[in-house]
Amino acid sequence: MMANKVSFMMQRWSRKKTHFPLLVILLLAFIVFTVLHNERTILQIHEGEDHVHHHREASVTYVKPNRLNPSQDVLDRFSKCNSTRGYSGRRIARVDRSPSSGQRRMASEKCDVFSGEWVFDNASYPLYNEPDCPYMSDQLACHKHGRSDLGYQYRRWQPHNCNLKRWNVTEMWEKLRGKRLMFVGDSLNRGQWISMVCLLQAVIPPNKRTMSPNAPLTIFRAEEYNATVEFLWAPLLAESNSDDPVNHRLDERIIRPDSVLKHASQWEHADILVFNSYLWWRQGPVKLLWSAEDNGVCEELDGLGAMELAMGTWADWVASKVDPLKKRVFFVTMSPTHFWSREWEPGSEGNCFGQKTPIDLESYWGSGSDLPTMRMVDKVLSQLSSKVSVINITQLSEYRKDGHPSIYRKFWETLRPEQLSNPASYSDCIHWCLPGVPDVWNELLFHFL
């Protein structure tokens, strides 16, 4: 009986040994099939991704900027879009994609003059007195319009590891002799222009200086130096329906993203150009009317995207037209705003009104400056290499919450008593009192000239 049982078990084991290699072979075959199938699937996915990538690249249209179209209408404040559609993805093609020789000028080789602190200096500052400048703007004349604390006028910018070149009006005029210095941009750049005129005008006899009437291009002329200091209103750099320096408050902002030729016809003969652009791109979507569009059909794009197109078109002009040995070009970075005191004083609910001292927190950064915009601008400027010098005013101006007009200004008309009593709603925390922060921007310009 036992012998039969053992014999039966041996037969079963023998059958198992016979089937085992077959199971292994089937398992190995299944694994090989699965791996091959997965590799094929992965390959198809990558091929699909490559196809989508190439399709997306193929769908992008590169537009050659700054091309004359004699038949196109010039944009003005009466221009309208016949219809609006979404952004098509068109981009600006650079004429010269290769970088210029040399390195982009950003700071002194010995020291970063943009890194420092504000120090109180009532011995050397202000560099001029507000009532002594006949070209002062009522929008920036804060003391004239009721501001009694004058500490904002006595601040000097002190770099950490070196000294900023001190302002010298005679030396500056010699640098400008026989030349045109032109500021191009928005009202913040106009404030820097007014600052420069106030810094320069005192040493020119009244009968030897003239100022043209307010216009898109306004010119201060010094006869004995055969020099001009000019301001061109071009808040978006590209041609736009907001190019009237007075009547530019419009419901619909339209630009030609591929053309700066209208403005370039004014600025191309200047010897020293100082550009800025930022604030106007933060006011909602922008309508794009491409030069090749004949039917008034606009595309809509967010401010940052539209600014990148306009900056690319501007950069194309610089790359193709500027010889650094004959023309100096500067770009001034964004000027910050100070609308929310809780950003530098947690728990408070004010704005720039009543602020009397700078922020002393090193590397302070508020919501009035936008890092994505700065990165985009830096990317565009880096392609221009030595053709553009960058004046980085953003961080140093971030500290100056005390430097804005708030309610102490006149804009078209003097603020009414009920407006003066409501600084939360009517404070100007965008522009800057003069004398003040823009004077330091011009000291930086002088430093690099």
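**Figure 1. The disulfide between C142 and C433 is left-handed, with -95° about its S-S bond.** C142 sits in the loop between β4 and β5, and C433 in the loop between α9 (423–426) and α10 (437–448), so this pair ties together parts that are 291 residues apart in sequence. The two sulfur atoms are 2.0 Å apart; to count as a disulfide, a pair of cysteine sulfur atoms has to be within 2.5 Å. How buried are the two partners? C142 has 0% relative accessibility and counts as buried, and C433 is buried too, with a relative accessible area of 0%. Here, buried means under 20% relative accessible area, exposed means over 50%, and partly exposed is in between (1.4 Å probe, protein chains only).

A word on what you're looking at: this is a predicted model, where local features need pLDDT of at least 70, side-chain atom pairs count only at pLDDT 80 or more, and totals for chains, interfaces and linings use all residues. Residues are numbered from 1 along each chain as its sequence is written, and side-chain values use heavy atoms, with hydrogens and water left out.

**Figure 2. Here's the whole protein, with ten helices and 17 strands.** Both kinds of element are DSSP runs, numbered from the N terminus: helices are H or I with at least four residues, strands are E with at least two. The protein has 449 residues, and 49% of them count as buried. Take the contacts (heavy atoms within 4.5 Å) with a separation of 6 or more: 79% of them are between residues 24 or more positions apart.

Figure 3. C111 is in the loop between β3 (91–92) and β4 (116–120), while C162 is in the loop between β5 (155–159) and α2 (169–176), so the pair ties together parts that are 51 residues apart in sequence. C111 is buried, at 7% relative accessible area.

**Figure 4. C352 and C429 make another disulfide, with 2.1 Å between their sulfur atoms.** The torsion about the S-S bond of C352 and C429 is about -85°, so this disulfide is left-handed. It links distant parts of the chain, 77 residues apart: C352 is in the loop between β14 (328–332) and α6 (371–382), and C429 is in the loop between α9 and α10. Both C352 and C429 are buried. If you number the bonded cysteines of the protein in sequence order, they pair up as 1-7, 2-5, 3-6, 4-10 and 8-9.

**Figure 5. The largest pocket holds about 1,000 Å³ of space.** Its lining has 39 residues, and the closest to its centre are Q139, S187, R190, F411 and H431. The elements that give two or more residues to this lining are α3 (187–201), β9 (227–233) and β16 (410–411). Which element gives the most? That's α3, with five residues. Sorted by class, the pocket lining has 19 nonpolar, twelve polar and eight charged residues. Nonpolar covers Ala, Val, Leu, Ile, Met, Phe, Trp, Tyr, Cys and Pro; charged covers Asp, Glu, Lys and Arg; the others, Gly among them, are polar.

How are such spaces found? Rolling a probe the size of a water molecule over the atoms shows where empty space is left. On a 1 Å grid over the protein atoms alone, a cavity is a set of points where a 1.4 Å probe fits but cannot get out, and a pocket is an open set with protein on both sides within 12 Å along at least five of seven lines; lining residues have an atom within 4 Å of a point. Grid points are joined across faces, edges and corners, and a volume is the space filled by probe spheres set on the points.

**Figure 6. The largest cavity has a volume of about 80 Å³.** It's lined by 14 residues, and L188, N276, T333, M334 and S335 are the closest to its centre. α3 supplies the largest share of this lining, three residues. The lining has seven nonpolar, six polar and one charged residues. The structure holds three cavities of 30 Å³ or more.

Figure 7. By class, the lining of the second largest cavity splits into four nonpolar, two polar and three charged residues.
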